[in-house]
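Dear colleague,

Please find below the structure that I am handing over to you, with its sequence. My notes on the findings follow it.

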Amino acid sequence: MHSIEYDAIHDELLVPVPFGGAILTFRGGASGEEPPLRVIQGSQTRLEAPDRLGIDPVNNEIFVPEGRKVLVFPRETNGNVAPVRALEGPQTKLGGGFTAGVGVIGIDSIRNLLVAGSGIGQGDNGRLQLLIFDRKASGDTKPLRNINGPKTMLTNLGGPFTLYPPKGKIIVPIRGAVTVNKTMAVDSFVGVYDINDDGDVAPEMILGGPRGVFQMIRGVAVNAKHKELIISDKRLNAVLTFHVPELF
Amino acid sequence: MGISMQDRVKTSGPRRGRWTGALGVICAICGLLLLGVHSTTRELLSAGKYAGSDPTTAVRLVSAEPFAEMEGEACLWEPASASAALSSSLMQGAAASPVALRRTLDFSARKPIRTIRDPYSAFSAVAIDHKNNEVILADENLFQIAVYDRLANTPANAKMTEPKRLIAGDKTHIEFQCGVYVDPKTGDIYAVNNDTVDDMVIFSREAKGNVPPDRSLHTPHGTFGIAVHEEREELFLTVQHDNAIVVYRKYAVEEEAPIRLIQGDRTLLADPHGIAIDTTSKLIYVTNYGATKSFEQVRPARGSAAQPTWPLQDAAPGTGRFYPPSINVYRLEDSGDVAPVRVITGPKTKINWATGLAIDKDRNELLVANDMGDEILVFNLDASGDAAPVRMMKGPKTLLKNPTGLYLDEVNNEFWVTNFGNRTATVYKRGADGDTAPLRLIRSGPIDSVPMLGNPHPVAYDTKREQILVPN
């Protein structure tokens, strides 16, 4: 499973199921073998192998990146239901691929923006771009901004990024290349960007690397109350918590 | 960037100490420098008030609290050029380009204040080397293959049993190995990776430490179970991600393509895991978790993946579906989109994310590691449909906890189980039933310390319960 989102307003958990082409929503306090509250799955959904998702609990929408498109469903969708809109087409610059692919989404409900992490190229030769759209963008729409280039240090995505809308920040786990025997990416780090950034800009902040503590960075979550970033590392098989007051 | 001083510096209350206050001011100034050029003049003045440096305001610093202790640096000292860049940008006002002048805050050396990590082995799969009387265990937590004496038994008062030897380290390409097989003739160890490295690695019996595999085979992504037909010299792998079974020559290496492929809607393969083959009846048994989808006829253009025996990987839109967990049975020589000869599934079967399988021909039984049920289910080999198990092992004496790997030792009349949930490999008498204690066990750590954190990828934070959510 490559994504999990907590909806703090409705106290729900959302996960994509790539093997079953589904989006599941659980109670926030779900435990044990508890069935989901809702399942989005079926021929109308256009879901293929959903690997990541984003939730906009303010505007009640679920965003699912799929290949070269982003599908949008009402939050309370249940069953075999078509998306209410899709962002797709050559002008979107949404790319394909797995490692460096489109597969990550974040919603800034304050600024009404959608951030899509999209790959250019593949694997260790690929790099990442952060495409920023209007939250309601649909069809073949150009991004408002595109953070991309060598100064950005956006190489390969480690895992799902997260947004911190109160400060307008995009917090991205970046793993770099797998440089050690197919297993370690010692250039892993967290890069922080401003949601108003555009073009080839340096990150505002880098944390934990490159050549720091990480060996294969994956996901990141925000604990704003304690001014912490919670970051997973697949090679360390660990979850690490950093105190980052500068971010908050 | 925001300023955290509001949380730390109070504007009233008793004086707490000159140096503490001074430290707060220094850190406030440092924090201001670290704000970078995104800070506005208004933010700076506001921050200055909190730091007690603005004589025009009635607010003044009377006390401060230090930052929480941490291993890494909280407040990096920037060179003088940093403040020059900041003041320069402020003086230039609207004409300045904040992004162009940005100085990245470099916290690359910062250390975490907390780490959640399981320090002990989590055994996922098991095989026996009869020639050398050794048991081989795959460890998905510490990324290693551990070799023990077959008769090793961890005493209750011992922390763990040390293996005779380990194969581990970045040169081995071992990470999330979930299946192992031992060549009965040579003692070669075959180890299957379920996630990060799309290679099956093969080590000689002498391999030890951080050594490269003696050979390796590029496989589809997400292989899980392994079974080998020694007479035919064929190697069978399940492919979780592609709902497929691939069959290779036993000695296939590098980019050699599979010789057969079972994949397609008619197969009813749905997130397949464990695999066992019955060479007498010429059948393949495969456990399925149940999630599945259809695939489009699109193939990668290079390497072994371009061959027609490589599984299709692109999902067809809107085809996702969930089947009940099952055990599907195929003919040994099946190929393509073939229906199973029978399926064991339904509520009476109790199958719930079953993984490892073993075939006991002498007893005409199929042993199943039922992960979610903390139990071993035993079916007749010819069971079909919603068939109840003929017996099952379950209960506190068994020490079964999230069993994933199974191995039937016909030579010594025992069977082995790897318990992913309590860091043990347990051994039982062949034919054991009910709540039976193991004959022996190998434990890699305290049985009741169970972080069970493995293969973490995404994380989320539950603000209501103040909990970290980590799918494994």
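**Findings: strands and chain contact**

In chain B, strands β28(B) and β29(B) make a hairpin, with four residues between the two strands. Within that turn, B:Arg423 has a positive phi of about 50°. Please bear in mind throughout that this is a predicted model.

Is β29(B) largely enclosed by the rest of the structure, or exposed? Strand β29 of chain B covers residues 424–429, and five of its six residues are buried, so the strand is largely enclosed by the rest of the structure. A residue counts as buried here if 20 or more other C-beta atoms lie within 10 Å of its own.

Elsewhere in chain B there is an open sheet of four strands, in the order β17-β18-β21-β22, with antiparallel pairing. Its edge strands are β17 (272–278) and β22 (342–345) of chain B, each of which pairs on one side only. From one strand to the next, the twist averages 20°. Within this part of chain B, β21 (residues 326–331) is joined to β22(B) by four bridges, and these two strands run antiparallel. One facing pair is B:Val329 and B:Arg342, the latter in β22(B).

I turn next to the contact between the chains. Chain A contributes 72 residues to this contact, and chain B contributes 62 residues. On the side of chain A that touches chain B, the strands that each supply at least two residues are β1 (5–7), β2 (12–17), β15 (189–194), β16 (205–207), β17 (217–223), β18 (228–233) and β19 (238–243) of chain A. Sorted by class, that side of chain A has 34 nonpolar, 23 polar and 15 charged residues.

Which strand of chain B is joined to β19(A) by bridges? The partner is β4 (residues 114–117) of chain B, which runs antiparallel to β19(A) and is joined to it by four bridges. In this pairing, A:Ala238 has B:Arg117 of β4(B) as its bridge partner.

With kind regards

Methods
Residues numbered from 1 in each chain as written. Chains lettered and ligands numbered in written order. Predicted model: local features only at pLDDT ≥ 70, side-chain atom pairs only at ≥ 80, totals over all residues. Pairing = 2+ DSSP bridges. Axes fitted to C-alpha atoms, helices over the stretch in contact; angles between N-to-C directions. Contact = placed C-beta atoms within 7 Å. Nonpolar A, V, L, I, M, F, W, Y, C, P; charged D, E, K, R; others polar. Buried ≥ 20, exposed ≤ 12 C-beta atoms within 10 Å, placed from the backbone.
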